[in-house]
Amino acid sequence: MKFKVPIFDVKNLNFSVKGQSILSNISFEIFAEEYIAIIGPNGGGKTTLIRMLLGLDKPTNGNIKIYGKKLEDFKDWYKIGYVPQRASLVDSSFPATVLDIVKMGRTSQRGFFSSFSEEDKQFVQDAMAKMDVLDLSDKMVGMLSGGQRQRVMIARALASKPKILILDEPNTGVDMVSQKSFYALLRQLNKDDGITIVFITHDIGVIADDIARLFTINQKATICNNPKQALSCQEMSELYGIDAHLLHVHKHEH
Amino acid sequence: MLIEMFSYDFMQRAFLAGIIIAILASLSGTFVVLRRYSMISETLAHSALVGVAVGLVAGYNPLWMAVVFAIISAWLIEYLRSAFSLYSDSVLAIMLSGSLAVAVIIVSLGGAFNNSLFSYLFGSILSVSIEDVITIAAFGSIALVMLLIFSKELYFIAYDEEVAKTSGVKVKFLNFLLVSVVAIIIALSIRIVGTLLIGALMVIPTVSALQFRVGFLKTVIISLIFALASVSAGMTLSFYFSLPSGATIVLCVLFIFIVSLIANRR
Ligand SMILES: Nc1ncnc2c1ncn2[C@@H]1O[C@H](COP(=O)(O)OP(=O)(O)OP(=O)(O)O)[C@@H](O)[C@H]1O
Ligand SMILES: [Mg+2]
């Protein structure tokens, strides 16, 4: 059997601000080609957790390894695509066409002087084709709809040919009807291109059937390999601290 | 008429310096505006004035001193911002008025309140020496090369600093680089545009170009054309009406801004 190095190896992660604990004692591993959803109540620490994985916030203590390397020593950041929460809320006067934005995804792989190579061009084209935004190429991002913009942001992340895509509430701005196809698209990236996908969401109902693993985050993390079971009423009630029957009503709406 | 203007050596020097400055101010200005650094450029201009004051009083080249003081100030601002998250309009306002106060006191004590100082405040086409042109061209080329090499990184950072960082862009280094380059450009510009008005030349061409709502490259080009047009027109007006060149340049760029606003109103 082949020994597998996890993409992320997280041990005993803690994060506190001014003595107040935001996240405590979190440990998990993320392996190649996984499809993972992170859920939890507002303010539960989901965004904080992935910001730590990306080196944007420093854990109070604990260890993060990426591809077996300490986070501080990790250099191949192009392997990790990140789409932040509210990424689609760009300043409407920012001077960028859709193509300008997707090209940004190539920035760190282009040398200081090197111009935009044929390979760069190809990667940008591929990313745009996958997210179905090729025909928006010359449109200003400020003029797009929320859902279109979100697809552009993901195309930008895909342009560096990442091995893992981390998305913070990527469905913001995507209407109810498009949600299913949006998640189907993520799933396709996972299955067809082998890209590991980790996303934060509040749409428990929409994703329930498809995810392989579910992280529930509310100060502590519960890692669950059988999501259907995790979505039982009792666990939900504990996670959100409310009567989870309400959530199940929400689920049936879809 | 224009032939007459260019028959003067000082006008040739002023135009040469002015064109270099227009190119530098508009290119760096694009990043200054997109990063919301407008207040930083204003503050750096006043720090440069401290250098001018030291230069005038102590007898060093004021332009060189301006470059040195503006860079020190730029590093201090960026250090406060990155190490303490201490970055707000109020901190910049404090540094701005502090610098101005220090400059005024140095100049008063040194007895240098004179026309020479006036030209550093509002710009003057009469005062550009051949050494100034050489200094502007030399430092200006370095600044221009830096901007061109790192433009794609700076653009990415302006769009989203954190996403740029997570995709491997050296954000910290480039932030220092940008403020340093801006400091150099501001210090070089005060000969022609003056300390009190250089902020306007950096910011307004880009803000005008943004009204057209076009992509990055087009925005940069429009802003460059606006800066070149207003510097040329402003210096010409300065020549024929004996007005401080900084003031006429800023009036021209303001005129362009208003026209851009009206042309693109929705
Ligand atoms: N740098 C910080 N300084 C102070 N408080 C912070 C910081 N980072 C996170 N927090 C706090 O940590 C808590 C968790 O925030 P986080 O954004 O991670 O929640 P979330 O699960 O993503 O919520 P949402 O679903 O609303 O996006 C919040 O109470 C937030 O105020
Ligand atoms: Mg969040």
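Student: Which residues coordinate the magnesium ion (ligand 2)?

Tutor: Bear in mind that this is a predicted model. To read a metal site, one looks for donor atoms, and here the magnesium ion is coordinated by OG1 of Thr47(A) and OE1 of Gln85(A), at 1.9 to 2.3 Å. The two residues are 38 residues apart and link distant parts of the chain, since Thr47(A) lies in helix H1 (residues 46-53), whereas Gln85(A) lies in the loop between strand E6 (80-83) and helix H2 (98-104).

Student: Why does Thr47(A) count as partly exposed?

Tutor: The class follows from relative accessibility, with buried meaning under 20% and exposed over 50%. Thr47(A) counts as partly exposed because its relative accessibility is 25%, and Gln85(A), at 23%, is partly exposed as well.

Student: How many residues surround ligand 1, and which are the closest?

Tutor: A shell is read by counting its members and then sorting them by class. Ligand 1 is surrounded by 14 residues, the closest being Gly43(A), Lys46(A), Thr47(A), Thr48(A) and Gln85(A); by class, the shell has eight polar, four nonpolar and two charged residues. Helix H1(A) gives the largest share, three residues.

Student: Which side-chain contacts reach an oxygen atom of ligand 1?

Tutor: An N or O atom in the side chain of Thr48(A) is 2.5 Å from an oxygen atom of ligand 1, while for the side chain of His202(A) the distance is 3.2 Å. Of the 640 Å² of accessible area that ligand 1 has on its own, the protein covers 61%.

Definitions and conventions. Residues numbered from 1 in each chain as written. Chains lettered and ligands numbered in written order. Predicted model: local features only at pLDDT ≥ 70, side-chain atom pairs only at ≥ 80, totals over all residues. Heavy atoms only, no water. Donors = N, O, S within 2.8 Å, 3.2 Å for Na, K, Ca; no water. Helix = DSSP H or I, 4+ residues; strand = E, 2+ residues; numbered from the N terminus. Buried < 20%, exposed > 50% of the residue type's maximum accessible area, 1.4 Å probe, protein only. Near = heavy atom within 4 Å. Polar contact = N/O pair within 3.5 Å; in protein donor to acceptor, adjacent residues only side chain to side chain. Areas by Shrake-Rupley, 256 points an atom, 1.4 Å probe, with all protein chains shown as cover. Nonpolar A, V, L, I, M, F, W, Y, C, P; charged D, E, K, R; others polar.
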